[in-house]
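Let's take a walk through a protein structure together. Have a look at the sequence and the picture, and then we'll go through some of the parts one by one.

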Amino acid sequence: MGIAHLRARRMAEASTAFMSATRLMPGNSFAWRALGDTRHAMGDARGGGAAHLRALQATASDPQSIAIAEALLGNRLAEAEKLVRDHD
């Protein structure tokens, strides 16, 4: 729902939707990153930065993200691409 609000430039609604998503799935890095992007677009640099920090923390503990990073570092680009496509 948040993405639909973003596409329609309804930032307050998008922010609310992404906040709900982060409450339901606190380890979801995508929801935190989208919330950060939305907050920055609304002029809330502090809120956006805090949400982006949470996104980084969630990504650092996500086994799929770690596998993607390892594939990239090992120059196994086809494997990394597949992992990205399969990532939730």
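What follows is a short tour of helices, their packing, a core and a couple of loops. Keep in mind that this is a predicted model.

Let's begin with helix α1, which is where you'll find H5. Is H5 buried or exposed? With a relative accessibility of 14%, H5 counts as buried, because the cut-off for buried is under 20%. And what does H5 touch, once we leave aside its neighbours within four places in sequence? The contacts of H5 are R10, E13, A14 and A17.

R9 isn't a glycine, yet its phi is positive, at about 65 degrees. R9 is also exposed, because its relative accessible area is 62% and the cut-off for exposed is over 50%.

Now for some helix packing. Two packed helices are described by the angle between their axes and the distance between the axes. For α2 and α3, the angle is about 155 degrees and the axes are 9 Å apart. Angles over 145 degrees count as roughly antiparallel, so that is the label α2 and α3 get. Their crossing is left-handed. On the α2 side, the contact is made by M11, A14, S15, F18, M19, A21 and T22, while α3 brings A31, W32, A34, L35, T38, R39 and A41. Sort the residues of this α2 and α3 contact by class and you get 10 nonpolar, three polar and one charged.

Some of those names come back when we look for the largest nonpolar core. Which residues form it? There are seven: A14, F18, W32, A34, L35, A51 and A55. Two or more residues each come from α2, α3 (29-41) and α4 (45-60). The largest share is that of α3, which gives three residues. Let's zoom in on one core member, L35. Setting aside its neighbours within four places in sequence, L35 is in contact with S15, F18, M19, T22 and A51.

From α5, the contact uses Q64, A67, I68, A71 and L72, and from α6 it uses L77, E79, A80, L83, V84 and D86. By class, this contact of α5 with α6 has eight nonpolar residues, one polar and two charged.

Our last stop is N75, found in the loop between α5 (63-73) and α6 (77-86). N75 is a residue other than glycine with a positive phi, near 60 degrees. Is N75 buried or exposed? N75 is exposed, because its relative accessible area of 59% is over the 50% cut-off. N75 and F18 are 57 residues apart along the chain, and their C-alpha atoms are separated by 34 Å.

Terms used:
Residues are numbered from 1 along each chain as its sequence is written. This is a predicted model: local features need pLDDT of at least 70, side-chain atom pairs count only at pLDDT 80 or more; totals for chains, interfaces and linings use all residues. Side-chain values use heavy atoms; hydrogens and water are left out. Buried means under 20% relative accessible area, exposed over 50%, partly exposed in between (1.4 Å probe, protein chains only). Helices (H or I, at least four residues) and strands (E, at least two) are DSSP runs, numbered from the N terminus. A nonpolar core is a set of buried Ala, Val, Leu, Ile, Met, Phe, Trp, Tyr and Cys residues joined through side-chain atoms within 4.5 Å. Contact means heavy atoms within 4.5 Å. Ala, Val, Leu, Ile, Met, Phe, Trp, Tyr, Cys and Pro count as nonpolar, Asp, Glu, Lys and Arg as charged, and the others, Gly among them, as polar. Axes are lines fitted to C-alpha atoms, for helices over the stretch in contact, and angles run from 0 to 180 degrees between N-to-C directions. Angles under 35 degrees count as roughly parallel, over 145 as roughly antiparallel, 65 to 115 as roughly perpendicular and the rest as oblique. A crossing is left-handed if the near helix is turned anticlockwise from the far one by less than a right angle, and right-handed if clockwise.
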